[in-house]
Each structure stands twice: as C-alpha cells, then as structure tokens.
Amino acid sequence: MSRLSKLLSVAVLALLTVSVSRAQDAAATSQITNLDQLLESVRQTQQRQRELNAQRERDFLRDNKRQKELIAAAKQEFERKQRQNQPLFAVTEKNKSEIAALEAQLKALVQEMGDLSSTFHEFAGDFSAVMQESMITAQYPGRTDALQALAAGEAQPTIEEIEALWLFLQQEMTEAGKVMKFEAPVVEADGKAQPRTVLRVGTFSAYADGDFLRYVPETGELLLLSRQPTARLRDQVREFGQQFDGVAPITVDPTRGSLLGMLAYTPSLRERVEQGGSIGLIILFLGAFGLLLTCWRTFYLAVIYMRIQSQLRNVDKPSRGNPLGRVLAAVEGVALDEEELLQLKLDEAVLAEVPALERGNGLIKLLAATSPLLGLLGTVTGMILTFQAISLYGTGDPKLMAGGISQALVTTVLGLVVAIPLLFGHSLINTMARSMIQRLDEQCAGVLARSADQQRVN
C-alpha cells in the first residue's frame with residue numbers, strides 16, 4: 001500500500017509540472033509579434049521542455065530507486081515477519097483443531113442437555129398423571145401441584161428440581177408398601193365431606209370405620225360407597241384396624257377401586273325381582289306357595305310314615321291314627337275264611353287312604369310345569385318392550401333397551417329357579433306316598449295270605 005501511494009504522488013506532481021509549463025508557454029505565446037520571436041519562443045520552449053523532461057527523468061529514476069529500496073525493505077520486513085509468525089501459525093492451527101474439538105463437545109453437551117430437559121419434563125408430566133391416579137395423593141394432596149410445576153417448566157432442570165422429582169418417586173414407592181392411618185375428608189352419600197380417620201392399605205384400598213371407600217382421581221377425594229360389601233367384609237376391616245401387630249386378613253380391591261365402584265351398579269336381590277315386573281312377582285308367589293305346600297306335605301308324609309312304622313311293630317292292635325291301622329281295623333269283624341269279603345274290605349280301605357296320601361302332588365307338579373311357562377311369557381313380554389324401545393329411540397342408547405332385556409332374562413331365571421326345586425319336591429313327595437301305598441298293599445296281601453292259610457287248614 002505504501003508503494004502505490006508513492007507512485008500516485010509522483011504522477012500527480014508530473015501532471016502539475018506539465019500544466020504549469022503549458023500555462024507559461026501560453027503566456028509567452030500571447031506576447032509574440034513576429035516570426036523571429038516565434039522561433040525564439042519555440043526554441044526556449046523546447047529547451048525548457050528538455051530540461052523539464054530531464055528533471056522528470058531524474059525524479060523518476062530517483063523515485064524508482066527509492067521504490068526499489070522500499071520494495072526490498074518491505075520484502076525483508078515480510079520475510080522477518082514471516083519467520084516470526086511461523087511458530088504462531090502452528091499454534092494457530094493447533095488452536096483451530098482444539099477449538100473445533102471443543103465446539104463438537106459443546107454441541108454434544110448441549111444436545112444431551114436438551115435430551116435431559118425433554119426427558120425430565122416428559123417424565124415429570126407422566127409421573128404427575130400416575131400420582132393423580134394414586135390413592136396416596138389423598139394423604140398428600142399438595143404433591144400433585146408441585147409435580148405439575150416441574151413438568152410445566154421449559155428451561156433446563158436444576159439439580160434441586162431433579163432431586164425433588166426423585167424424592168417424589170421415592171415417596172411413592174415407599175408409601176405403596178405401607179398400611180397407614182391419616183385424617184382426611186370423606187365425601188358421604190349425601191355429598192357432604194366429613195373429616196374421618198382413613199385406613200389406607202398400599203395403593204389399593206381405603207377404609208373409614210369399617211366402611212369401604214373409593215378414590216376419585218379427578219377430584220382427589222375419598223368417596224364413601226353408596227352400596228357397601230357384605231357385613232362380614234366390613235367386620236373384617238374393623239378387626240384389621242384394631243390390630244396393631246401380627247398378620248391379619250383384609251379384603252382389598254386389586255383394581256384400585258374399579259370393582260368396588262361396580263357395586264353401585266350391581267342390583268340387589270330386591271332390585272332383581274323388581275326387574276321381572278308383574279310376571280316375576282306372580283312366579284315368585286306361585287313358587288312360594290308351591291314350596292310351602294311341598295314342605296307341608298313332606299312333613300305330613302314323614303309323620304304318617306313314622307306312625308305306619310310304629311303300627312308295623314304292633315300289627316295285632318290296629319290304631320285309627322294311621323292309614324295302616326285304619327286298613328287293618330276295617331277287617332276286624334270279618335272272618336278269615338270269607339276271602340272275597342275280606343278282599344273287598346281291604347281294597348275299600350286302601351282306596352280311602354290313597355287320596356289323603358297323594359293330596360297336593362298334582363298341584364305341586366302343575367306349579368313346577370307352570371313356572372317355566374310364565375318365565376317364557378315374561379321373556380316374550382320383555383322382548384316386546386325391547387323392540388318397542390328400538391322402534392321409538394333406535395339403538396343409539398342401550399340403556400333404553402335394558403329394562404325389556406332385564407325383564408326377559410329375570411323372568412326366565414325366576415321360572416327356572418322356582419321349577420327346579422318344585423320338581424325335586426314333587427319327586428320326593430310322590431316317592432314317599434307311593435312307598436306308603438305300597439306298604440299298605442303289602443299288608444293287605446299279608447292279610448289275604450293269612451286268610452288263605454286259614455282256609456287251607458280248615
């Protein structure tokens with residue numbers, strides 16, 4: 001750059017000199033009046049021009065020499081600087097490679113930190129949802145908000161935040177294996193929350209004074225079941241709560257409340273009967289009547305059987321308190337040699353006892369046969385109601401068809417439930433009656449045999 005500036009300065013100086021000489025020539029030319037003066041003026045001008053050119057040449061040579069000296073000095077200075085910068089160039093190249101390696105490490109570290117941040121926030125969000133579903137949240141209600149705050153952040157997690165998440169995870173694992181008692185509000189059937197002592201068994205079930213509770217994740221509340229399990233299970237829970245050491249049985253819900261929640265939708269026996277409608281009530285009435293009749297006939301025949309057995313031990317003294325005694329008493333005044341009269345008397349007495357022994361058997365059999373038919377009638381009626389609901393409301397809501405389907409199924413079940421025991425009862429009563437009638441026939445045959453022996457002896 002210094003050499004170029006010097007060359008430009010020399011050129012500007014030469015131009016200025018030419019301009020001055022031309023100005024002087026113009027001034028001299030303006031004073032010429034004849035040819036001699038013109039010739040002299042030309043000569044003078046040429047002389048000055050030669051002197052000026054010589055001066056320019058000297059200046060150019062001087063400047064050229066100076067420029068060469070400057071170029072040589074500049075080359076020397078460049079070579080010196082190059083020799084001086086050669087170690088620095090190696091250091092610079094080395095630093096460049098180190099900087100590239102450090103930049104790669106920094107990029108990987110930043111990527112890892114980004115993965116750590118995304119993983120942390122994702123896990124915190126998922127774990128927050130899991131803890132919201134956990135029954136332990138009812139004991140520690142504030143931890144869900146803290147976890148949601150950790151999950152909502154977008155910056156790189158700090159060591160304190162990572163430790164806080166780890167502590168929440170450790171608390172969940174530790175409390176999941178404990179049986180704890182704590183005070184918490186319990187929402188009762190009327191919708192009011194009352195503070196009660198809650199017994200928590202891990203993350204599965206919760207109880208309050210023997211009553212089963214259900215955890216509602218949406219609100220984080222403990223809800224008293226509107227329909228409790230059997231009294232035996234509730235007593236078991238009370239005994240478990242009063243026992244402080246050792247091993248004791250207790251009923252838990254492994255589905256964390258789902259099975260207990262289904263109790264509210266499970267109809268009771270009364271509700272099942274009501275689903276059968278009027279036909280179901282008729283079936284139950286007929287079944288109850290048939291069972292009472294069966295029980296009464298069974299008791300009556302059992303008493304008669306015992307009396308007959310007692311009479312068999314004392315055949316010579318007939319008693320009118322049992323069928324066998326009355327049959328034997330019917331032929332007391334008839335001689336043994338009058339076989340025809342004796343047989344007629346025995347047949348008459350046996351036929352008189354048979355209706356009493358078989359009374360009610362036909363009615364029981366009729367009730368056993370009628371109950372399934374009434375159940376079938378209820379099934380048809382229920383299906384008619386179902387198809388009416390479908391024609392009115394379509395199949396969009398199955399609950400609208402549930403009433404008809406329930407009646408159809410319940411009446412069938414009631415009919416079978418009533419018919420099966422009545423059939424067994426009828427078979428039992430009929431067997432007992434036939435057995436006693438057969439015993440009467442055997443005794444009649446015995447009387448006739450003794451009569452024949454008597455006639456043979458005579």
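Strand E1 (residues 179-187) runs antiparallel to strand E2 (residues 193-201), and nine bridges connect the pair. This is a predicted model. Within this pairing, proline 185 has proline 195 of E2 as its bridge partner. The hairpin of E1 and E2 has five residues between the strands, and glycine 191 there adopts a positive phi near 90 degrees.

E2 also pairs with strand E3 (residues 205-208), again in the antiparallel sense, over three bridges. Here valine 201 is bridged to serine 205 in E3. Three residues lie between the strands in the hairpin of E2 and E3, where glycine 202 has a positive phi near 60 degrees.

Leu35, Leu38 and Val42 make a nonpolar surface patch of about 280 Å². Valine 42 belongs to helix H2, which covers residues 35-133. The relative accessible area of valine 42 is 36%, so this residue is classed as partly exposed, a class that lies between the limits of 20% and 50%.

Leucine 367 is located in helix H11 (residues 361-393). Leucine 367 counts as buried because its relative accessibility is 7%, and the cut-off for burial is under 20%.

Beyond its neighbours within four places in sequence, leucine 367 contacts Leu286, Phe289, Gly290 and Leu422. The C-alpha atoms of leucine 367 and alanine 419 are 7.4 Å apart in space, while the two residues are 52 residues apart in sequence.

Technical notes: Residues numbered from 1 in each chain as written. Predicted model: local features only at pLDDT ≥ 70, side-chain atom pairs only at ≥ 80, totals over all residues. Heavy atoms only, no water. Patch = residues over 30% accessible without salt bridge, like charges linked within 9 Å, V, L, I, M, F, W, Y side chains within 5 Å. Areas by Shrake-Rupley, 256 points an atom, 1.4 Å probe, with all protein chains shown as cover. Salt bridge = Lys/Arg side-chain N within 4 Å of Asp/Glu carboxyl O. Helix = DSSP H or I, 4+ residues; strand = E, 2+ residues; numbered from the N terminus. Buried < 20%, exposed > 50% of the residue type's maximum accessible area, 1.4 Å probe, protein only. Pairing = 2+ DSSP bridges. Contact = heavy atoms within 4.5 Å.
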